[in-house]
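I opened this model to look up its helices, its cores and a few side chains. The entries below are in the order in which I made them.

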Amino acid sequence: MSGTHREDRLVAGFAALAIAIHILEAAFPSPLPGIKPGLANVITLIVYLRHGLRLAIWVAGMRILVGSLLVGTFLSPTFLLSATGAVAAMLALTLVGTIGGRQVGAVGLSVVSALAHMSGQITVAYLLFIPHPALLKLVPVLLSASLTFGVVSGLIAASVLQILSRRAGEAE
Amino acid sequence: MADPGPETASGNPAPARPLIRAGDILILLLAAGLVGATFGAFWGPRGQGEMALVSVNRQPAFELMLDQDKTVDIQGRIGTSTIMVDGGRVRFLDSPCPGRYCVHSGWLQQSGEVAACLPNGIVVEVIGGEREYDAINL
C-alpha cells in the first residue's frame, strides 16, 4: 500500500505544478487564437519519462479537469478541444514512446505529442465547430507553431530530467 | 495497486542523459517534413480552374483553355468585349459597359469564379478542376 501512497503524492504534486503552469499560461494573451506554448506538457513529459504512462495520464487528466475548473472553461468548447488534444497527445506519446524506447528522448516525445495535440484539436474544431475550408488554411501555421513549441517544451523537459538524474546520482 | 507500475527510466541510473537523442533527431526531421508538406497541401493551388466558359446572351458560346495565353474579342449586345487569358488566369480586359464592373472583377482563377458584363450580355466563368465553395451557411 505504501507504493500507492507514494504514487498519490507524486500525482498530486506534479498535477499541482502542471495546473499552476496551465493557469499562468492562460493569463497571458496569445498572439494568435489557438496558439499557446503548452508548457504544462513539460510536466506530463517528465512524469512519463520518470514514472511511466499511468502516472502521466493521471497528471494530465487532473491538469485538464482542475485547470479548466479554475480558468472557467469546464465543459465549454475550449474544454472539449483541450481534452481531445490531450487524448491525441497521450496516444501519440504512448505509441512513439513504446516504439522508440530509449532512442527517443523528451524532445522527440514532446514534438510528437505537440503535433498530435494540435492535429486532434484542429480535427475536432473542423468537424464540430467551424466546418469551413478557411480553417484548413490555418493548419500550416498552427502546426508550425506547435512544432516550435514542442521543441521548446521538449528541451525544457530534457534539461529538467538531466538535472533530476544528476541529483539522483549525487544522492547515491 | 502494490505494483509500482512501469518505471521507465527512473529505476536504473542512466549513465548519461543527452538532451537530444538519435530518435529525437529522426522525429524532428520527419515532423519538419510533415509540417512543410501541410504548407504545400493547404496553401498550394487548390481548385485551379482548367478553362473559362464564355457565355453570350445566356448561351454558352465557347471555352478558353487557361493554359493557352490569348486575347479574344467578343461581340456582345452593345459592343465588343475583350477577354484575356494569361498564365492560367482570365479577365475582362475591356468592355463597352458604363460601370466596367466586369473589368474591375480582375483576374479569375479558381474554379467557380465568375465575372459578368451584364450590359453587354457576356459572362465568363472558370470551370473544371476542383470547385471551391462560394458561400457557406451554418
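**Basis.** This is a predicted model, in which local features need pLDDT of at least 70 and side-chain atom pairs count only at pLDDT 80 or more, while totals for chains, interfaces and linings use all residues. Residues are numbered from 1 along each chain as its sequence is written, chains are lettered from A and ligands numbered from 1 in the order in which they are written, and side-chain values use heavy atoms, with hydrogens and water left out.

**Chain A.** I looked up the secondary structure and found seven helices and zero strands in chain A. Helices (H or I, at least four residues) and strands (E, at least two) are DSSP runs, numbered from the N terminus. I then checked burial: of the 172 residues in chain A, 47% are buried. Buried means under 20% relative accessible area, exposed over 50%, and partly exposed in between (1.4 Å probe, protein chains only).

**Helix H3 of chain A.** I compared the length of H3 (residues 53-71) with expectation: its 19 residues should span 27 Å at 1.5 Å a residue, and the end C-alpha atoms are 26 Å apart, which agrees. The expected span is 1.5 Å times one less than the number of residues. Buried residues in H3(A) include A:Leu55, A:Val59, A:Arg63 and A:Ile64. After H3(A) comes A:Gly72, with a positive phi near 95°.

**Cores.** Which residues have the most contacts inside the largest nonpolar core? They are A:Val47, A:Val59, A:Leu109 and A:Leu115, in a core of 43 residues. At least two residues of this core come from each of H1 (2-27), H2 (40-51), H3, H4 (77-100), H5 (106-129) and H7 (139-171) of chain A, and from H1 (22-43) of chain B. H5(A) gives the largest share, nine residues. A nonpolar core is a set of buried Ala, Val, Leu, Ile, Met, Phe, Trp, Tyr and Cys residues joined through side-chain atoms within 4.5 Å. Beyond its neighbours within four places in sequence, A:Val47 is in contact with A:Phe14, A:Gly52, A:Leu55, A:Ala56 and A:Val59.

**Rings.** I searched all chains and found one aromatic pair. The ring centres of A:Phe74 and A:Phe79 are 5.1 Å apart with planes at 70°, so the pair is edge-to-face. Rings of Phe, Tyr and Trp (its six-membered ring) pair if their centres lie within 6.5 Å; planes under 30 degrees apart count as stacked, over 60 as edge-to-face and the rest as tilted. A:Phe74 is partly exposed at 37% relative accessibility, whereas A:Phe79 is buried at 14%. In chain B, the charged end of B:Arg89 sits over the ring of B:Trp107, 4.0 Å from its centre; the criterion is NZ of Lys or CZ of Arg within 6 Å of the ring centre and within 35 degrees of the ring normal.

**Positive phi in chain B.** B:Arg58 is not a glycine, yet has a positive phi of about 70°. I placed B:Arg58 in the loop between S1 (51-56) and S2 (59-65), exposed at 79% relative accessible area. B:Arg100, also not a glycine, has a positive phi of about 55°. B:Arg100 is in the loop between S5 (89-94) and H2 (101-104) of chain B and is partly exposed at 30%.

How values were computed. Contact = heavy atoms within 4.5 Å.
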